[in-house]
Amino acid sequence: MEYVIEMRNIRKEFPGIVANDNVTLQVKKGEIHALLGENGAGKSTLMNVLFGLYQPEQGEIYVKGKPISITDPNVANRLGIGMVHQHFMLVENFTVTENIILGKEITTGGRVDLKKAAKEVKALSDRYGLSVDPNAKIENISVGMQQRVEILKTLYRGAEILIFDEPTAVLTPQEIHELMEIMKKLVAEGKSIILITHKLKEIMEACDRCTVIRRGRGIGTVDVAETNPDKLAAMMVGREVNFKVDKTDASPKHTVLKIQNLVVEDARKVPVVDGLNLEIKAGEILGIAGVDGNGQTELLEAITGLRKAVKGTVELNGKSITNHKPRKVTEAGLGHIPQDRHKHGLVLDFSIGTNMVLQTYYQQPFSKHKILKFPAIFEKANQLIKEFDVRTPSEHTLARALSGGNQQKAIIAREVDRSPDFLIAAQPTRGLDVGAIEFIHSKLIQERDKGKAVLLLSFELDEVMNVSDRIAVIYEGKIVAIVDPKETTEQELGLLMAGGKKQKAGDRSESH
Amino acid sequence: MNLIKGRLFHILVPVVSVLLGLLIGGIIMLVSNYNPISAYAALIDGIFGNGYNLGETIRAASPLILSGLAVAFAFRTGLFNIGVEGQLLVGWLASVYVGIHFDLPKVIHLPFAILAGAAAGALWGVIPGFLKAKFKVHEVITTIMMNYIALYTTNGIIRAYMLAPGERTKDIKETASLASPWLQQLTEFSRLHYGIVVAILAALIMWFILWKTTTGYELRAVGFNQHASQYAGINVSKNIVLAMAISGAFAGAAGTMEGLGTYQYMTINNAFTGVGFDGIAVSLLGANGSVGIIIAALLFGGLKIGSLTMQSAAGVPTELVGIVIALIIFFVASSYLIRWLTNRFTKGGKI
């Protein structure tokens with residue numbers, strides 16, 4: 001059997017770490033081949049080797065049976081290898097066509113022939129059913145459409161082998177479904193696809209075969225038809241993974257957080273949180289379910305002191321923290337795992353060790369008389385790195401260099417370690433693999449069992465339903481219903497999130 | 001690319017830049033019908049040749065160290081302080097004012113005059129800092145404007161209140177002077193003064209504040225990521241103002257080098273001194289680090305002083321040294337080029 005791409009026994013080292021060790025990847029023509037591994041397992045490194053961004057220390061690469069040395073991305077392009085990046089590389093205020101032809105412009109008499117280019121883009125788009133408008137500006141089209149532009153870019157450059165780097169991380173469920181259809185169409189037209197992912201559902205749905213990497217080592221390749229999510233997860237993580245969250249019933253005690261008639265305005269002075277009431281008790285996890293943009297972000301910002309509340313009160317342990325500064329709120333007993341870990345959670349250009357004391361650096365033992373005590377800081381960092389299994393070459397490594405899952409573990413370690421009475425976890429598992437998700441869920445439940453109050457905000461209904469003890473549905477800045485996750489269904493939650501009324505208990509059995 | 005990474009690369013870039021700058025400067029001399037070998041020989045002689053030249057080199061380097069520190073400190077906290085020149089001028093004037101108008105014993109008068117200069121510079125830095133923190137006005141614009149305000153205000157004040165014969169202020173009192181007969185004698189009567197001690201002390205202070213104190217931690221955190229700093233409870237506005245104040249204080253202290261050290265007075269300046277702007281180059285070449293800045297300032301000070309001998313002994317105009325300095329900055333700024341070149345040499349053509 002001839003492979004269109006064959007990477008044999010690839011080894012790639014970085015100072016202090018072996019990113020790929022003896023990894024073999026063989027892709028057949030016309031298949032969707034999944035590359036599965038946890039965050040930081042070495043998937044991206046392997047693809048960067050294939051794309052010519054890194055040179056391997058050992059191993060050979062064959063393209064269509066011929067041994068080849070891919071020294072830079074231009075070589076990869078000439079060989080027909082195209083990459084659809086996770087973070088789009090598009091010029092926001094250019095049109096779709098202008099973006100696609102960038103660097104490969106068609107010119108007549110020295111001028112760019114945009115009309116001709118637009119026609120070619122349209123033809124290409126129609127052929128693969130992408131329905132992209134060649135004249136739309138990037139800034140005006142949805143994220144899903146922007147991704148299709150990235151796909152068109154590679155096709156326009158004659159790519160035969162397309163690498164998709166975690167393409168679904170930024171997409172809505174509907175867009176994910178459409179992307180899967182597009183990928184199937186691409187392989188039907190003779191293209192080959194490598195899909196980098198850690199989402200088992202997508203592999204089961206769309207892929208033909210799957211190669212698994214764990215901690216840089218190639219574990220093996222399996223036919224998707226002959227496996228199941230449990231087996232794949234076990235290969236990826238190296239042990240059995242528990243998909244169902246293990247937890248006992250909550251035993252809620254006194255009220256920790258009490259919000260009354262809270263009104264918060266966004267930058268346009270629109271009251272996006274509009275008279276919201278909510279109580280969270282010690283020893284329970286309260287999940288907030290809602291469609292993005294119904295005031296969740298502003299609610300959290302108002303609680304944590306990052307945004308002013310116009311009206312209403314927030315009390316923590318019976319004392320008002322309404323419109324207090326972030327530090328006072330933190331000191332009053334708040335831990336906060338923020339939604340955007342890069343923007344709010346970490347100073348990416350600080351070492352992971354110094355990030356561990358982002359809220360406590362001014363306290364003893366980390367400093368005394370305003371002088372930092374680095375031995376104490378790094379001792380604490382080391383303890384947390386071990387305790388929370390943060391995989392990093394050392395505590396001095398820049399936070400930027402860590403994978404998303406390990407960055408998130410570091411943030412959680414920092415927040416939980418302060419032992420706050422009230423913990424906010426905003427989208428704590430976004431973009432993470434099953435192993436990390438399991439770990440984070442168990443940590444949240446551990447905090448609950450210690451008698452802390454936990455507020456979980458997530459846009460994944462599975463997560464809200466599995467982890468929470470109570471679910472508060474937010475709609476247009478108000479809590480419209482509080483439901484018991486054991487007695488509700490996705491359908492009911494979906495209806496409530498869209499502004500529907502809660503059904504009576506007796507009606508529910510008829511609805512499914 | 002792995003070979004040329006991290007610490008080594010940080011040192012390699014400036015060193016290779018200096019060598020390339022000298023090399024291409026030599027080519028330009030050749031093209032202009034000057035002998036680069038005799039020119040550089042004269043240049044080196046002009047830096048190290050005798051005690052006088054060496055003393056002058058160190059003297060010229062002292063304010064450059066401080067203005068370099070001012071730029072670097074702001075840069076480490078995420079700010080571009082292009083206003084070092086203006087902060088230097090107000091610092092110069094304030095120190096001279098204190099030097100003339102107070103009668104105090106030396107142990108008090110001299111530190112007081114230096115601190116007055118630093119305080120004036122700090123104040124001049126605080127204004128753009130405040131505008132940035134409060135109204136989000138970009139500090140590059142405001143600091144450039146503040147340079148002109150400083151130039152014409154200091155000239156105006158000298159003209160109105162402090163004028164002595166010769167378009168300048170009176171001399172400062174001996175009790176406020178950095179001048180040292182001992183250092184002058186040691187260096188064949190150059191104008192070398194104790195300012196170099198102040199400059200090196202300041203370099204130590206910068207390193208200590210940035211890397212050892214909670215203040216430095218906050219300043220750097222705000223410089224890298226304002227959102228995360230705010231989330232962590234750090235007062236972002238306060239730290240922006242503070243960063244500009246400390247940066248301005250270094251710049252003001254650079255002004256005292258001229259006022260209390262080299263000249264002992266302040267002249268009416270027709271144009272900027274250039275020392276403040278050179279600070280940007282020094283900071284860049286010194287990779288924004290205390291030690292690097294001292295070395296870079298000594299190099300630039302040496303080139304400037306050495307160029308005088310180059311002109312008199314080898315007949316090569318001093319402007320050529322200006323070109324060499326510009327080339328060095330060009331190569332540091334385009335460090336990617338050097339990365340590429342070194343990779344060519346170390347990996348035999350592969351990149």
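Colleague: Where does UniProt place the feature "transmembrane region" in chain B?

Modeller: The unreviewed UniProt entry lists residues 12-31, 82-102, 108-131, 192-210, 240-263, 275-300 and 320-341 of chain B. Positions are in the numbering used here, feature names are shortened, and such annotations may be inferred rather than shown by experiment. Residues are numbered from 1 along each chain as its sequence is written, with chains lettered from A and ligands numbered from 1 in the order in which they are written. This is a predicted model, where local features need pLDDT of at least 70, side-chain atom pairs count only at pLDDT 80 or more, and totals for chains, interfaces and linings use all residues.

Colleague: What makes up residues 82-102 of chain B, helix or strand?

Modeller: That span is 86% helix and 0% strand, and its end C-alpha atoms lie 32 Å apart. Residues 192-210 of chain B are 84% helix and 0% strand, with 29 Å between the end C-alpha atoms. Helices (H or I, at least four residues) and strands (E, at least two) are DSSP runs, numbered from the N terminus.

Colleague: Why is α13(B) called roughly antiparallel to α14(B)?

Modeller: α13 (residues 290-314) of chain B packs against α14(B) at an angle of about 155°, with the axes 9 Å apart. Axes are lines fitted to C-alpha atoms, for helices over the stretch in contact, and angles run from 0 to 180 degrees between N-to-C directions. Angles over 145 degrees count as roughly antiparallel (under 35 is roughly parallel, 65 to 115 roughly perpendicular, the rest oblique). The pair is therefore roughly antiparallel.

Colleague: Which residues make the contact between these helices?

Modeller: Phe300(B), Leu303(B), Lys304(B), Ser307(B) and Met310(B) of α13(B) meet Val321(B), Val324(B) and Ile325(B) of α14(B). Contact here is a matter of C-beta atoms, placed from the backbone, lying within 7 Å. They divide into 6 nonpolar, 1 polar and 1 charged. Ala, Val, Leu, Ile, Met, Phe, Trp, Tyr, Cys and Pro count as nonpolar, Asp, Glu, Lys and Arg as charged, and the others, Gly among them, as polar.

Colleague: How do you know which domains chain B has?

Modeller: The assignment gives domain 1 (1-34 + 318-351) and domain 2 (54-315); such bounds come from an automatic or database domain assignment. Their C-alpha centres lie 28 Å apart, and 11 residues of domain 1 of chain B contact 12 residues of domain 2 of chain B. On the domain 1 side, α14(B) gives the largest share, 7 residues. That side has 9 nonpolar, 2 polar and no charged residues.

Notes
Contact = placed C-beta atoms within 7 Å.
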